Amino acid sequence: MSSIGSLPFIVETSSESFELAHSKSYCRPRVPLSLHQSRKYVEGSSVNISARGHLETTGMGCARLVNWRNRSRLWASTHLRAAGKDFSGSEDDDQTEDALQASIEKSKKVLALQRDLLQQIAERRKLVSTIKSSILNPEEERISYEHGDIPLPNLENASISQDNSVEDQKNISISSSNHAHSSEEVVPEALSLGVHRGFDGGNDHEKTLPPEKSPLNVDSKEKLKDSGFKAMPTDVVESFLPNTIDTFGLKNENQADMNDSSLQEASSEAGHLVTEDAEAPPLAGVNVMNVIMVAAECAPWSKTGGLGDVAGALPKALARRGHRVMVVAPRYGHYAEPQDAGVRKMYKIDGQDMEVTYFQAFIDGVDFVFIDSPIFRHIESNIYGGNRMDILKRMVLFCKAAVEVPWYVPCGGVCYGDGNLVFIANDWHTALLPVYLKAYYRDNGLMLYTRSVLVIHNIAHQGRGPVDDFSYVDLPRHYIDLFKLYDPVGGEHFNIFAAGLKTADRVVTVSHGYAWELKTSEGGWGLHDIINANDWKFRGIVNGIDTKEWNPEVDVHLTSDGYTNYSLETLHSGKSQCKAALQRELGLPVRENVPVIGFIGRLDHQKGVDIIAEAIPWMVGQDVQLIMLGTGRQDLEQVLRQFENQHHDKIRGWVGFSVKMAHRITAGSDILLMPSRFEPCGLNQLYAMKYGTVPVVHAVGGLRDTVQPFDPYGESGLGWTFDSADANKLMHALGNCLFTYREYKKSWEGLQRRGMMQDLSWDAAAQNYEEVLITAKYQW
Ligand SMILES: Nc1ncnc2c1ncn2[C@@H]1O[C@H](COP(=O)(O)OP(=O)(O)O[C@H]2O[C@H](CO)[C@@H](O)[C@H](O)[C@H]2O)[C@@H](O)[C@H]1O
């Protein structure tokens, strides 16, 4: 043990349980873990408990400990090998050779018996889970999993130590086999440029490392190669497993005979194992992965639109499937939950050193990591603001820092590392990440087993600029070709989205309809050729919704000011109450029978606000109320104000960004209008349907995928659609909708109920994402 350097984790024992603790960077509360659990979660490795009370790991790599979904899991992702000498334990110098030999033989027999016993237990476990899965309905299984159940271990890899003394087992520690290998130190030294790790660590000298050692500096290539750093893919780890098992056998040869108490303990262990059969395995099964979602915004901390919602919700759904999931976003403001992770790094952006620090929180099974830097601060209300260079520099810094988060930021005490890892980048803002992953790592034989998926939420924004902008992204010269794009509008230009699409291992967009549109010259906005050329790796997955955040039964914005929560059962009374509260709050006449039409969205060309504007003269001739919430283009904001002034008894135009009002409008309106010119998925129509609010939408992209047109004969469908973004079509569809609202109350209620009853949660979408992640993982 003394030869082992700094210890990533110490496992301390008390009589009944022991706690997992970590070196100074461990930043979560200690969680008691019972002895059998500790063995259980040492996956793919044999762990032995020595007579002196030590668990010792040797070999390469790091042992990882995570607090995952509120339960502790010791995750040994590497070869854990008992150091025989320290484990030899109880040899009695006074014993004769023969006695010792006899005792060893006896011990072998007992161990063989015990192995048989464990084998039987394993078989029974299989039987029990087969019976259970045949009697449990899937919903129950899902729920029990969401409540914190943890996947069962692989019994083959579980080992039980037999010590002479049970007392000795209560005094255990785990040390890293890799000398001086704290969780942070899995980072290759040559990559750790300018790193000042830990505010209390006193490593200030590292801050002054020369720029040529920059992790994202082209000149450091050779150094990276020479650094001796090796990515640690799972198959390398697995190749060590047979050794581990051997070690288990060898160690036991050196142990003295087992006494009855050991056997009793073994059978009680068996009891535990059988009892824990009740726990469901992760939904992802053997495909459990490490996933890092990287996005420029993440609700509820930062949000300008749908991307924020997706970054806040999809990761939780992936975590519910059993993956270890992190979200990385910039830290735009002072957020309550995330704590300083005590890590600092420097990156060069346009020749200037920029320091970043990391804040971290573990919420709903997900590690949220926020990158803090002066250039991100205080722009929460203007995330994409500033001139082109400002935004470009922010995104370069964000992507440079994000791609290295798995090395530097310990979550639950342990960095993610690169094995079994997939990044999910989102839109052009993070499209540089797949490029950095390739240029700085994979081209250099590093992070070979890390993959990247790029999600297109909106192709209209691409990170375009003059070709000279290439100098700001700090990449090898030959990478320029990835960024160069010619189109009739911009001529030859620099295009970040183009480079990301070419480099990512997989590309996803947020609906099937939009996936189709992106391949056309009208829908691809100049990138359609690249998308077509990469069709083999491209897929559409319809977004889900966060059913905690957007659910009329529990919506926190409906608990005051006269609003109320409601469900399918209380739809009529609940929704009427919300409608009255909304009318009252906005100063509109409180009238139950007047249809209230809502619009929520960015005020820009995409969302078709001008199409609504064209239809307003017709609308105000109807007996309706129109409530619009939005922010964006100043001319369109002015349009909203103007309509409110002109038709004060019928129209409200709320200019601004208010999550509370968005929820209240969704609940209090009868109809939601979405005349978007293009809509990759659209979330507001999904929220609307969940709240019994009927959508009237332009049948495009995700709107066409998600709003099945109403069929009055078959009493089916979810809303009204119109087939081109034009005011006349909108009026026609809305006219039919209003007619049904007034004259066919039963049909209306049917529309509302069908909308509310849909499963719009992220769970199905997460499963589809998982398929993409797995395909990426096995792709070369
Ligand atoms: N003024 C305001 N106040 C409060 N909340 C407001 C608001 N304006 C908009 N929002 C909210 O922002 C979100 C908008 O989401 P959308 O999916 O409709 O559009 P967006 O175009 O931003 O997203 C892009 O990405 C998403 C996610 O993939 C795709 O669904 C979409 O089609 C694509 O254009 C909703 O949660 C909405 O309530």
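Visitor: Where is Asn534 found?
Guide: Asn534 is found in the loop between helix H16 (528–533) and strand S20 (538–540), where helices (H or I, at least four residues) and strands (E, at least two) are DSSP runs, numbered from the N terminus. This is a predicted model, in which local features need pLDDT of at least 70, side-chain atom pairs count only at pLDDT 80 or more, and totals for chains, interfaces and linings use all residues. Residues are numbered from 1 along each chain as its sequence is written, and side-chain values use heavy atoms, with hydrogens and water left out.

Visitor: Is Asn534 buried or exposed?
Guide: Asn534 is buried, with a relative accessible area of 14%; buried means under 20% relative accessible area, exposed over 50%, and partly exposed in between (1.4 Å probe, protein chains only).

Visitor: And what is Asn534 in contact with, leaving aside neighbours within four places in sequence?
Guide: Asn534 is then in contact with Leu501 and Lys502, contact meaning heavy atoms within 4.5 Å.

Visitor: Switching topic, how many salt bridges are there?
Guide: The count comes to 29 salt bridges, each being a side-chain nitrogen of Lys or Arg within 4 Å of a carboxyl oxygen of Asp or Glu. One of them joins the side chains of Asp372 and Arg377 (2.8 Å, N to O).

Visitor: How accessible is Asp372, and how accessible is Arg377?
Guide: Asp372 is buried at a relative accessible area of 5%, whereas Arg377 is partly exposed at 34%.

Visitor: Which residue forms a salt bridge with Arg641?
Guide: Glu637 does, with the closest N and O atoms 4.0 Å apart, and both residues lie in helix H19 (residues 634–646), four residues apart, about one turn of the helix.
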